[in-house]
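Here is a short briefing for a reader new to this structure. The sequence and the model come next, followed by notes grouped by topic.

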Amino acid sequence: MADRLFQNRLSRRILTRETLAMGALIVSLAGVSAETARGQWDGEPQSSVLVEGGNLAGREPFRMGALPEAHEAFAGDDFSESGTSCTAPGCSSGCTGCGGVGCTECCPSALFDTACASNREGVWIGRVDAMLLWRNAPPDRPIATSDIPGGALNAFGLDSTPAAGPRFTLMRVNNATGHGIEATYFNAANFRSQRPLSDLGIPYRIAPPGIYGNPEFAFTTGNADLGSRIQSFEFNRHHALARNIRFVGGFRWIQWQEEFTLATDDNGITDFYRTGTVNDLYGGQIGLDANLFASSWVRLDGVVKAGAYYNNAVQSSFYATNEPGNPGSASVAVGESPASGAFAGDVGLTAVMPITQNIDVRLGYYALWLSGIAQPTQQLSGQSLTPGSPAIGSLNVDGGVLVQGATVGLEGRW
């Protein structure tokens, strides 16, 4: 009778928590930790299916542990086999078979067995991933025109090669409650797009409305180059809402850098344009992470987060020419803090497969979207850079970028 009452109350609590979570945030996906995320398989030590070489079907490979605030939720209820509440030091309320001897013999029902003595302490989880990411092209902005089909250059056509970089995550999770803290850093450098403008026999022309206020002159050859990089650090608090879902909230810093250059040549008369932008985003984010699927040999985790950010943005532009009538150079730099309110959202989906009892292999997909940022090709129309004349600059923060790609790595627990 006591067991049935316990399970009924537990079911109502799980349904209530999940309903509130789904109504408050976006559905999630990923990054549940170690033994909290992996848990126990029918109370036996969890070993690798690859090492054992056997079929673990029928065992539960994922368990997040007790629901949060389990102690408070059932305080005062009578679930012990002896008919009295568990009052032994360190025991959670709602235990069965306490006997007044402490938590070594005070294990709750199956859903709460991670609160027993063997898993009562927290666990550290470390993750190291290699990331291979692609970025989308900048927004539409004509740069050069040509009468030859396919000879025109538009910022929208500057698709980049992939960039690689590491991602490091350190987590501390309480197995009894499912709560935890997390710190994650990643960077990916040298997204690169290069577009040579070879001699087609018919001159190119700088597309209207020109660059840096200079006239739409003709040239025979040129080269365009766009490079970018990203890095991010976040510190989050994880709050368990149910056995397989957690609320995530915390602080995040994201830096997005880009540089665009265009060099043109017209029979020895050269012009060089360069604009670089740096966006430092500071703000808070919220989201969910969850276990989406679990079998005896693999589990599927996912995470989704979104936040509003203060953008400390700056752009710097430089122009140089050896044009006989007016040679020289000019430059300008413009920064605003805050330049705008920016947005960032990311999503991840990761398949986790065990190698040993404490080490897993991780294979996944990751995507990050930024908006309200400064991008160099969006600055070309807002500057006036002419040698010998006062420089005029402005800052445009209407850009956006999507970064996405594959991840592969290891997870360890201790």
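The charged end of R167 lies over the ring of Y366, 5.5 Å from its centre (such a contact needs NZ of Lys or CZ of Arg within 6 Å of the ring centre and within 35 degrees of the ring normal). This is a predicted model, in which local features need pLDDT of at least 70, side-chain atom pairs count only at pLDDT 80 or more, and totals for chains, interfaces and linings use all residues. Residues are numbered from 1 along each chain as its sequence is written, and side-chain values use heavy atoms, with hydrogens and water left out.

**Aromatic residues**
- Y366 also pairs with F186: the ring centres are 5.7 Å apart and the planes stand at 75°, so the pair is edge-to-face (rings of Phe, Tyr and Trp, the last by its six-membered ring, pair with centres within 6.5 Å; planes under 30 degrees apart are stacked, over 60 edge-to-face, the rest tilted).
- The pair joins F186 in strand 5 (residues 180-197) to Y366 in strand 13 (residues 359-373), 180 residues apart.
- F186 is buried at 2% relative accessibility, and Y366 is buried at 6% (buried means under 20% relative accessible area, exposed over 50%, partly exposed in between, with a 1.4 Å probe and protein chains only).

**Barrel**
- 10 strands close into a barrel in the order 1-4-5-8-9-10-11-12-13-14, with antiparallel pairing (strands are DSSP runs of E, at least two residues, numbered from the N terminus; two strands pair if DSSP finds at least two bridges between them).
- R167 is the bridge partner of D129 in strand 4, and strand 4 (residues 163-173) pairs with strand 1 (residues 123-135) over 11 bridges.

How values were computed: Helix = DSSP H or I, 4+ residues; strand = E, 2+ residues; numbered from the N terminus.
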